[in-house]
Amino acid sequence: MAEASTARDVNAPGYTIRFALVVCLICAAVVATAAVLLEPRQAANARLYMEKNVLIAAGLAEPGDDLSIADVDALFNRYVEARLVDLETGELVPENAVDARAFDQRAARSDPESSRPAPANKAGIHRLPERAVVYFIRRDEAVDELVLAVEGLGMWGTMYGFVSLDPDANTVRGLTYYEHRETPGLGAEVASPVWQRVWQGRKIYDDQWRARITVIKGIAGSPEDDPLHVDGLSGATVTSNAVTNLMQFWLGPHGYGPFLDRFRNGEADT
Amino acid sequence: MEHFINLLIRAVFLENLALAYFLGMCSYLACSKKMETAIGLGLAVVFVQTLTVPLNNILMRGLLDEGALSWLGPTFAEIDLRFLSFILFIAVIAAAVQIVEMAIDRFLPALYTSLGVFLPLIAVNCVILGGSLFMQERDYTLPESIVFGFGSGFGFAIAIVALAAIREKLSYSNVPEGLKGLGITFIVVGLMSMAFMVFSGIQL
Amino acid sequence: MSTVIGSGRPARFTFGPNERATLTDPLIANNPITVQMLGVCSALAITTRVDNAVVMSVGVILVAMIASLAVSLIRERIPTAIRIIVQLAIIASLVTVFDQVLEATFYEISLELSVFVGLIITNCMVLGRAEGYAMRHPPFPAVLDALGNALGYALILIVVAATRELLGVGKLLGFQVLPLTRDGGWYEPNGLMVLPPSALFVIGLLIWAMRTWWPSLVEKD
């Protein structure tokens, strides 16, 4: 009997609505508390992860190094200067105008106010940010490395990476892909340090300064004999082609090209 | 236009939610013993997926994204509610399934009798939630999410109908005792999934 | 119905043979993945590496236990009409919190698991135990049941992941176990094992092995 009466109460419409409201409030409170409390750590993690990869591309850290936020900050303060580039003109944004380290290029690319539709390209890029980030690495006084952010559509999703160039703005020093969704074991080798090492010493541009670096099928020659080609990822033609397309796009006239021209001519106000 | 056809082909074949991402496997395996049930579930998934992915897209852009609440006043412009997306998506899905069920019952009784049992099941089918989560992760626009919703639902339908056809034939074959039923089904799905990987080189 | 509730009540926090059965049955005899066919999706998608499988298992164990506890505590107050959505709301909140914690602690793993953490919400195993068991049992057995099922799930996940990581790249938890021919060893990695379909083959063969070992599991047609 007792059970029957509770069953009736429990199914009364007013009670149902009150119950639903209480459950919603409790769930919302739990979730919101967790989100608010953990947000700073998540943001710090995301930035740490990205900056760690800048350091890896620049050769200032090894993949697998366990760097804390303090370590990354120390290395950044010592060697790295983050700046923003106006992609269209190739001019550097004045240093005091923005905090380049806090710049969120992905947010800038999605926001219609700070981006524009990309010209037709094979790299699967729909929108281009007005400004993009560049990291100057100085071991002594002069800039001895440039790290640029690249992205493009791979086989399963967007691949994000950094490429590091010598001061001639042509020779590759290092490369990382820190976020991608490529097939494990095949395309996912883009993130492998072994493959990334074969990029060292390759040239981006031919003698007419056109971005020509290409990931080929099979094995490329040595960087001296065959500077414009890179070993393909075996079994991952789509990913290999995607890397070619995105590198040629970002280092070409619609990407960092204008800035790199200025830099090479000594016109960039570093 | 080309972009949308490309997206549709990708969603149906290359990124088939059942055979490339293995979503909705529980109902995929459980409801593929007979052709009829497979077609019923497939249709229900296409229907609900085409409805909920764009709906979640609208809500995501209108309520959750950073700056989405700026119409409430400048103080709300900074709010980023994306951490609520799981809850919002599943609530939308559960509600949509409920409404669709009632609507079909009222206006299309014939369809209701054929889909009937499967509609409530769909609320907890990971294909549906997965579709919305992929939509969010890949940041699709509204038209893109309509195409993706339909394509991914259709891909699931194709996959489950194909599996049902194979399993109906399989009942005539001589399968080792311990492998009968679930075991051989897993292996068949594995082979189908490998076959679908052939599509992965296609780019339009 | 009332006898089920009654039988559980007197021995609320004791751990007798009944409780042990609740906990251990789902490990093999009634395993959620290989026997009940619940929660299969994530078992397939994230088992290329053992560390991913472990993180996923921890998530499912925690979410399943807390969800079953919460549902069981309020089971007599939940209106029948909104039963499922209340359970989903509880599970979705727990999963969101787990996702947030993961992002704040193991950021790189959270990138790798991406949407699959969110899909714990629709892991039919979690909802299945909440709806099928916790709704009708007091909190202590409900938690045990959730723990048992989640452990059964974790067991399969880790076995499959270990097989795939070992045969696919010769590693376990990231440590090289089998020396690869590429690095001068003897093991030529099996590329199939890192591809998604291999999870299906491994589980299919696992089911075969389990049914040969315990013939009682064979399906009666």
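This is a predicted model: local features need pLDDT of at least 70, side-chain atom pairs count only at pLDDT 80 or more; totals for chains, interfaces and linings use all residues.
Local features need pLDDT of at least 70, side-chain atom pairs count only at pLDDT 80 or more, and totals for chains, interfaces and linings use all residues. Residues are numbered from 1 along each chain as its sequence is written, chains are lettered from A in the order in which they are written, and side-chain values use heavy atoms, with hydrogens and water left out.

Chain A puts 10 residues into the contact and chain B 13 residues, where contact means heavy atoms within 4.5 Å. Between them the two chains bury about 970 Å², 62% of it on carbon and sulfur atoms; buried area is the accessible area (1.4 Å probe) that two parts lose on being put together, summed over both. In chain A, the most area is lost to chain B by A:Val31, A:Met155 and A:Trp156, together 46% of what that side buries. Helix α2 (residues 13–57) of chain A gives the most to this side, with three residues; helices are DSSP runs (H or I, at least four residues), numbered from the N terminus.

Zero residue pairs are in polar contact between chain A and chain B (both at pLDDT 80 or more). A polar contact is a pair of N or O atoms within 3.5 Å; within protein, one must be able to donate a hydrogen and the other to accept it, and residues adjacent in sequence count only if both atoms are side-chain atoms.

Within chain A, A:Gln196 lies in helix α5 (residues 193–197). The side chain of A:Gln196 reaches the backbone oxygen of A:Val190 at 2.7 Å.

Notes
Helices (H or I, at least four residues) and strands (E, at least two) are DSSP runs, numbered from the N terminus.
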